[in-house]
Amino acid sequence: MKALSFLSRGQVRLTGVTGLALGLALAVSAAGCSQAPGPDAAPASEVEAARDRLSDAFDALEAAGFTGIVGISQSGETLLMRGAGAADPQTGRPYGPDTQVDIGSITKSYTGMLAAQLISEGTLSAGIRLDEVFDDVPADKAGITLHQMLTHAAGLPGDVGDDLVDEDFDTFLANAFAAPLQFEPGTGYYYSNVGFSLAAAIMERATGQTYEALLREYLMAVGIHQTGYQTVFDGDRSVHLADGRDVSEASWGGHPPNWNLTGNGGLVSTAPDMLAWRQAWSAGELISPDARDLGQTPFQDEGGGVSHYGYGLVVEDHAELGRMYWHNGGNRHFNAHWRELADHGLVLFVATDQRRLNADRVVSVLTAAWFDQPYEIPAATASSH
């Protein structure tokens, strides 16, 4: 196999800052629409050799200054679960499997997953319009559908408020309705946190549950208990900044997440939860197989035919690696990335508190290591973190 090629790609959420592309992701060919075949079992000796390469790559990342948590599994078996550095610099508490991290815009993958299930079971229609759910929707937004919001095709802006302020849903909704559209709904692609928050609000109206309660109901049914907002948050296990702030303070503003975050960002989770979540989702155990296939359909070209957006996740087909599903996200403090190489049964999750060796770069290094391909890790400098 020739060396894997990489390109810069990654939509991340930056509070108060214009959107920024972080890191490196695998170069791909145009995404197709067929469901990828299941992975073939590799000989045990090959798996062990790959496990050793992953461990060596992690050692090199740690030596270069990576701080964060990495989890990797294949077909449900954990191959690597390691932390590097201090999750709480003031106490020295290290990163580990129990560390709660901010998964940022990966939250959209959870929202898309739930929406796919509700659509598949008939609780919601993908074609439901904003004016069928909310009152006094402006004419330019009245016909925006749930499907368009879930695929960033609605033309809604990226953000309409500050993640950290303490404001209610009515304020968020008024701001969303007042904001100008980027294009006529259904005619383009524009990454929008607003659309996913509106999708979460629509799910609340349809089910009579809060977004977090609905999500937790599905997750707890398959034994996933450490993913959510304030109902699961634990300051003693949260990652902290050097100034002492935990996720609730640094990412939520010291209060429950407002609607500039709900449904599109700010969930906390752990590395074991993330691996178990994606494994159960991919296997059709967390939601139905029909819902899984619906949500993982490459609906919306993100530009240039290289990658497509399903319901809350990116779908790509690599000429050598096959079908991949992934999403990343972050803010000015934290960033994270999950990726599944479906043809190989391989799931990776990385979360970190830095940008130099951010989650996108680390996922790329570990993917290359798994396939015994060359990779480069930028060395630490006196001014880097």
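**View 1. Contact of helices H2 and H6.** Thr-107, Tyr-110, Thr-111, Met-113, Leu-114, Gln-117, Leu-118 and Glu-121 of H2 meet Tyr-211, Leu-214, Leu-215, Tyr-218 and Leu-219 of H6, a contact being heavy atoms within 4.5 Å. These residues of the contact of H2 with H6 divide into 9 nonpolar, 3 polar and 1 charged. Here Ala, Val, Leu, Ile, Met, Phe, Trp, Tyr, Cys and Pro count as nonpolar, Asp, Glu, Lys and Arg as charged, and the others, Gly among them, as polar. The axes of H2 and H6 (residues 211-221) come within 11 Å and cross at roughly 80 degrees, which makes H2 roughly perpendicular to H6. Axes are lines fitted to C-alpha atoms, for helices over the stretch in contact, and angles run from 0 to 180 degrees between N-to-C directions. Angles under 35 degrees count as roughly parallel, over 145 as roughly antiparallel, 65 to 115 as roughly perpendicular and the rest as oblique.

The model is predicted: local features need pLDDT of at least 70, side-chain atom pairs count only at pLDDT 80 or more, and totals for chains, interfaces and linings use all residues. Residues are numbered from 1 along each chain as its sequence is written, and side-chain values use heavy atoms, with hydrogens and water left out.

**View 2. Contact of helices H2 and H8.** H2 (residues 107-121) packs with H8 at an angle of about 30 degrees, and their axes are 13 Å apart; the two helices are therefore roughly parallel to each other. The crossing of H2 past H8 is left-handed, meaning that the near helix is turned anticlockwise from the far one by less than a right angle (right-handed if clockwise). From H2, Ser-109, Tyr-110 and Met-113 meet Met-274, Trp-277 and Trp-281 from H8. By class, the contact of H2 with H8 has 5 nonpolar residues, 1 polar residue and no charged residues.

View 3. Eight strands form an open sheet in the order E6-E5-E16-E15-E14-E13-E12-E11, with antiparallel pairing. E6 and E11 (300-301) stand at the edges with a single partner strand each, so one side of each has no neighbour in the sheet. Helix H1 (residues 44-63) packs on the sheet and touches E5 and E6, its direction making about 10 degrees with that of E6. Helix H8 (residues 271-282) lies across E5, E6, E14, E15 and E16 (346-352), at about 35 degrees to E15. Two strands pair if DSSP finds at least two bridges between them. Helices (H or I, at least four residues) and strands (E, at least two) are DSSP runs, numbered from the N terminus.

View 4. E5 (residues 68-74) and E6 (residues 77-84) run antiparallel and are joined by 7 bridges. In E6, Leu-80 is the bridge partner of Ile-72 and Glu-77 is that of Gln-74. The hairpin of E5 and E6 has 2 residues between the strands, and Ser-75 takes a positive phi near 50 degrees there. E5 also pairs with E16 in the antiparallel sense, over 7 bridges, and in E16 the bridge partner of Ser-73 is Val-347.

**View 5. Strands E14 and E15.** E14 (residues 322-330) pairs with E15 (residues 335-341) in the antiparallel sense over 7 bridges. Tyr-325 stands opposite Glu-340 of E15.

**View 6. Surroundings of Ser-248.** Ser-248 is placed in helix H7 (residues 247-250). Its relative accessible area is 14%, so Ser-248 is buried. Residues up to four places away in sequence not being counted, Ser-248 touches Phe-233, Gly-253, Gly-254 and His-255.

**View 7. Gln-296 and Val-315.** Gln-296 is found in the loop between helix H9 (289-295) and E11. With a relative accessible area of 2%, Gln-296 is buried. Gln-296 and Val-315 are 19 residues apart in sequence, and their C-alpha atoms are 7.0 Å apart in space.

**View 8. The chain as context for the close-ups.** The chain has 10 helices and 16 strands. Of its 385 residues, 57% are buried. Among contacts in the chain with a separation of 6 or more, 68% come from residues 24 or more positions apart.

Technical notes
Buried means under 20% relative accessible area, exposed over 50%, partly exposed in between (1.4 Å probe, protein chains only).
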